[in-house]
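Please open the model in a viewer and keep the sequence at hand.

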Amino acid sequence: MCGIVGYVGQKDAVPLLMDGLKRLEYRGYDSAGIAVHTAGDMATRICVGRLSELEDSLEKRPLQGRPGIGHTRWATHGEPSEKNSHPHLDGSGRIAVVHNGIIENYQDLRNELEAAGHTFLSDTDTEVIPHLIEQELAGGAEDFEAALLRALRRARGAYALGILFKDDPDTVYAARLGSPLIVGLGQNENYIASDVPAILKHIRQVIYLNDGEIAVLKQDQVLVKDLDGRAVHHEPKTVDMAPEATERAGFETFMLKEMHEQPRVLRSLLEKHVSGHARVQLPEVGFSEDYFQILRRIMIVSCGTAYHAAMYGKFLMEHLTGLAVETDLGSEFRYRSPRIERDTLFIAVSQSGETADTLASLRLARLKKCKVLSICNVPGSSLVRDSDSVMFTDAGPEIGVASTKAYTAQLMAFALLSIHIGRARDEITEEQEKELVAALEGIPDAIHYMLERADHIRAIADKHHDGPSALYLGRRFNYPTALEGALKNKEISYQHAEGYAAGEMKHGPIALINEYLPVVCICTRTEDEVYDKMISNMKEVEARHGRIIAIATDGDKQVASIAEDIIYVPETREEFSPLINVVALQLLAYYAAHARGTDIDKPRNLAKSVTVE
Ligand code: F6R
């Protein structure tokens with residue numbers, strides 16, 4: 001969703017803002033703009049569409065200045081258009097504001113301001129902010145900071161803001177409530193940004209602003225205050241992320257790079273959590289074995305791909321810990337009447353740690369006084385800061401909008417957590433723990449093997465990519481894999497794709513099957529009847545001339561005799577097969593998107609970090 005960057009220092013702000021905005025492109029956007037102080041004036045430039053449009057306009061009409069703020073907008077209130085692009089100005093053109101979030105009481109504020117004579121030029125909620133500040137200045141606020149604080153005390157909803165005042169040319173103001181914003185501390189220069197990768201080239205130290213705080217940035221000083229104007233002390237945090245982590249490193253897309261990073265990411269998660277004696281240890285989670293013994297119930301909440309990881313987590317935890325585990329979508333959880341009791345462990349799963357629905361669900365669980373554990377990829381994110389405990393997925397920045405390495409890292413986190421809780425509750429023996437850990441240790445190499453099979457998978461994607469639709473079927477642990485495979489396909493290739501529990505096929509989707517429909521069947525070997533049932537489902541598809549693309553265990557001749565195309569995967573325990581199978585589906589989606597010529601890293605309409613509900 002919207003991205004914000006701001007700079008104060010001695011350099012020309014324009015190239016720095018443009019570079020920062022490019023690094024925020026992955027969040028999703030449909031228009032962009034910047035504002036900078038120029039000698040005695042303040043200039044803005046905006047564009048609809050991609051940042052390249054803004055670059056073209058800057059080439060035709062060069063602009064220099066400092067300090068400055070920049071924005072990529074993902075439309076919520078008002079279509080993507082010039083008038084709705086940020087920065088938005090007050091009536092006098094002396095206050096420029098960029099915003100991520102939604103001002104929920106904007107209509108009331110706008111009515112009031114219009115009645116007081118303010119004229120609005122856009123359809124956005126954001127535009128009330130500069131007008132409100134202007135109004136507070138006119139109404140006697142003693143300085144810009146006081147006017148800003150007064151205005152913010154009236155705004156409801158969520159915001160991350162960057163603000164310039166024409167008459168205060170040495171300062172960038174920032175504010176945060178519910179939407180991500182960090183302050184980057186450089187050498188005689190300072191930055192604001194929606195996330196660390198946007199400014200990683202320039203800084204090693206950051207301040208993670210809390211909700212209800214403003215920051216006043218000069219080139220040699222940053223002051224943080226609460227909304228009552230009281231100073232707040234923040235100990236800057238050192239960023240533990242290599243600048244190369246945000247580069248494509250020779251891959252044609254970030255998504256391809258991130259898929260290739262999966263073996264390394266999973267290996268290092270295993271190294272971090274498995275001791276020399278094949279025991280799973282989770283010191284960072286910090287809950288005692290006694291706590292897991294008395295625990296009665298687990299509730300997992302998340303959105304999108306992270307929800308598929310949660311479903312996998314549910315199946316695996318039920319299997320290995322004997323606990324009752326429930327899952328829900330963040331967007332549904334708090335609008336039903338969930339029974340959340342104190343003895344429930346609430347687990348929130350999120351790559352970004354900023355997903356509004358997941359965060360809101362977590363806050364509801366906290367109100368009910370249950371312990372909250374987050375499985376998250378971004379240190380310093382809102383989710384991390386609001387949790388009792390965190391299990392980091394340590395996948396490094398994920399820039400491709402379609403989640404890949406963060407997903408497999410979430411699955412690995414659930415595998416480790418399930419084994420750990422299972423042992424603590426005596427549901428699995430030491431011997432079984434060793435066997436499970438040994439199987440997990442084989443996963444990174446198996447994924448590496450899948451990545452080496454990319455050409456074969458590409459040929460299959462090339463053959464099937466042009467139909468209007470595809471069906472994905474799986475059972476038990478691979479039911480979420482089917483959902484995730486379908487999601488990957490639709491989000492990056494725009495081919496309609498539907499994931500289903502294979503046993504449900506007869507209850508509806510079987511009507512879709514004809515000689516044109518690709519049906520991706522996940523049929524890796526299991527030790528019980530699930531495999532036979534999956535074979536029967538494939539037979540039903542075959543009988544109706546569906547075009548079966550099977551994911552099968554190496555050397556499986558039975559599946560090969562039914563499927564039109566087959567992707568073999570290395571054998572592993574069924575519980576952990578989703579970690580390997582999903583990589584085949586990621587590649588299938590990737591090459592389908594490639595063949596369809598879509599913008600793989602930045603699919604249309606999607607945002608990487610969904611910070612509004
Ligand atoms: C799909 C995808 C999204 C996210 C979802 C939740 O590839 O990435 O479905 O999984 O928006 O995001 P996080 O995990 O950041 O909470």
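Which residues do ring pairs link into a cluster? Select F144, F165 and Y173: these are the residues joined in this way. Please note that the model is a predicted one.

**Aromatic pairs**

The count of aromatic pairs comes to nine. For one of them, select Y7 and Y191, whose ring centres are 5.1 Å apart. Their planes stand at 55°, so the pair is tilted. Colouring the chain by strand shows that this pair links distant parts of it: Y7 belongs to strand β1 (residues 3-8) and Y191 to strand β10 (residues 190-193), 184 residues apart. Both Y7 and Y191 are buried.

Next, select Y291 and F292, another tilted aromatic pair. Here the distance is 5.6 Å centre to centre, with 55° between the planes. Are these two residues buried or exposed? Y291 has a relative accessibility of 14% and therefore counts as buried. F292, at 0% relative accessibility, counts as buried as well.

**A pair of helices**

Finally, select residues 454-464, helix α16, together with residues 577-596, helix α20. The two helices pack with their axes 8 Å apart, at an angle of about 55°, and are therefore oblique to each other. The crossing of α16 past α20 is right-handed. To view the contact, display A454, I457, R458, I460, A461 and D462 on α16, and A584, L587, L588, Y591, A592, H594 and A595 on α20. Sorted by class, this contact has ten nonpolar residues, one polar residue and two charged residues.

Methods:
Residues are numbered from 1 along each chain as its sequence is written. This is a predicted model: local features need pLDDT of at least 70, side-chain atom pairs count only at pLDDT 80 or more; totals for chains, interfaces and linings use all residues. Side-chain values use heavy atoms; hydrogens and water are left out. Axes are lines fitted to C-alpha atoms, for helices over the stretch in contact, and angles run from 0 to 180 degrees between N-to-C directions. Helices (H or I, at least four residues) and strands (E, at least two) are DSSP runs, numbered from the N terminus. Angles under 35 degrees count as roughly parallel, over 145 as roughly antiparallel, 65 to 115 as roughly perpendicular and the rest as oblique. A crossing is left-handed if the near helix is turned anticlockwise from the far one by less than a right angle, and right-handed if clockwise. Contact means heavy atoms within 4.5 Å. Ala, Val, Leu, Ile, Met, Phe, Trp, Tyr, Cys and Pro count as nonpolar, Asp, Glu, Lys and Arg as charged, and the others, Gly among them, as polar. Rings of Phe, Tyr and Trp (its six-membered ring) pair if their centres lie within 6.5 Å; planes under 30 degrees apart count as stacked, over 60 as edge-to-face and the rest as tilted. Buried means under 20% relative accessible area, exposed over 50%, partly exposed in between (1.4 Å probe, protein chains only).
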